[in-house]
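Q: I have a structure open and want to go through a few residues and contacts. Can we start once it is on screen?
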Amino acid sequence: MKRVLTVLGLLIIAPALWADQHRAIVQVEADLPYDQSWELLQDFSLAHNYVPGLSSTEIVSAARSGLGAHRRVYDAEGDYLEETITSWREGQGFTLDLHEGDEPMAPFEQIEFIYTVAPVAGNSTQIQLELAFRMPWGWLGDTLAEWIILPIMEDSLVQIAAGMKYFYETGVPATDEDRENGAAAVQIITAAAEAP
């Protein structure tokens, strides 16, 4: 009986241990020198200028940028999501933990947004955006991630990247029309799920 209970316990716990990390990745080239792009990226208060659906950004930590900086991004209804910088790569980018209080953004077990910029020939900048996440519910969560969530995230990242390109190049907040017009310039990069 003890052996049966042990096996049952492992069957319940194992899916959570084996959950894959899923990644949605896009990149776009902005016609702006790399040093200017890096300056804009470091400004943690600008997200609402290029992310669709956001109306404002509020920095709620003492740090305005860098490791540990914490912001709230608001939608038009006043609801917000919290984002905290958990990794800082000077001159290259940073990683945000997306959360609601002390919990990851629902329905994820973990979700991070990774910004990266790099110089390219012709005095331009390559911008890469990535959402990396783990789902609950074992194989069911991983199946939902592959079939439903990843395509939605890729579409969302295309809109964000197109908005960033427009905002970085013009200094004007991107509209939905600007994002739609710029979406063709954004490349989706296929990323396989990774085991922990």
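Q: Where does Gln159 sit?
A: Gln159 is in helix α3, residues 138-170. Helices (H or I, at least four residues) and strands (E, at least two) are DSSP runs, numbered from the N terminus. This is a predicted model: local features need pLDDT of at least 70, side-chain atom pairs count only at pLDDT 80 or more, and totals for chains, interfaces and linings use all residues. Residues are numbered from 1 along each chain as its sequence is written, and side-chain values use heavy atoms, with hydrogens and water left out.

Q: Is Gln159 buried or exposed?
A: Gln159 is buried, at a relative accessible area of 18%. Buried means under 20% relative accessible area, exposed over 50%, partly exposed in between (1.4 Å probe, protein chains only).

Q: What is Gln159 in contact with?
A: Setting aside neighbours within four places in sequence, Gln159 contacts Tyr50, Pro52, Arg179, Glu180 and Ala183. Contact means heavy atoms within 4.5 Å.

Q: Arg179, then. Which residue does its side chain meet in a salt bridge?
A: Asp176, at 2.8 Å from N to O. A salt bridge here is a side-chain nitrogen of Lys or Arg within 4 Å of a carboxyl oxygen of Asp or Glu. Asp176 and Arg179 are three residues apart in helix α4 (residues 176-182), so about one helical turn separates them. Asp176 counts as exposed at 53% relative accessibility, while Arg179 counts as buried at 5%.

Q: How many salt bridges in the whole structure?
A: Four. One of them joins Arg23 and Glu130, with the closest N and O atoms 2.1 Å apart.

Q: Which strands does the Arg23 and Glu130 pair tie together?
A: Arg23 is in β1 (residues 21-30) and Glu130 in β8 (residues 124-134), so the pair ties together parts 107 residues apart in sequence. Both Arg23 and Glu130 are buried.

Q: And Arg71 with Glu83, what is the N to O distance?
A: The closest N and O atoms of that salt bridge are 2.6 Å apart. Arg71 lies in strand β3 (residues 70-75) and Glu83 in strand β4 (residues 80-89), so this pair links parts 12 residues apart in sequence. Arg71 is buried at a relative accessible area of 2%, and Glu83 is buried at 8%.

Q: Back to β1. How many of its residues are buried?
A: Nine of the 10, so β1 is largely enclosed by the rest of the structure.

Q: Which way do β1 and β8 pair?
A: Antiparallel, over 10 bridges. Strands count as paired if DSSP finds at least two bridges between them. The bridge partner of Arg23 in β8 is Ala132. β1 also runs antiparallel to strand β9 (residues 187-189), joined by three bridges, and Val26 has Ile188 as its bridge partner there.

Q: New topic: which residues have the most contacts inside the largest nonpolar core?
A: Tyr50, Phe113, Tyr115, Leu129 and Met164, in a core of 44 residues. Such a core is a set of buried Ala, Val, Leu, Ile, Met, Phe, Trp, Tyr and Cys residues joined through side-chain atoms within 4.5 Å.

Q: Which element gives the most to this core?
A: α3, with 11 residues.

Q: What does Tyr115 touch?
A: Not counting residues up to four places away in sequence, its contacts include Leu41, Tyr50, Arg71, Leu129 and Met164.
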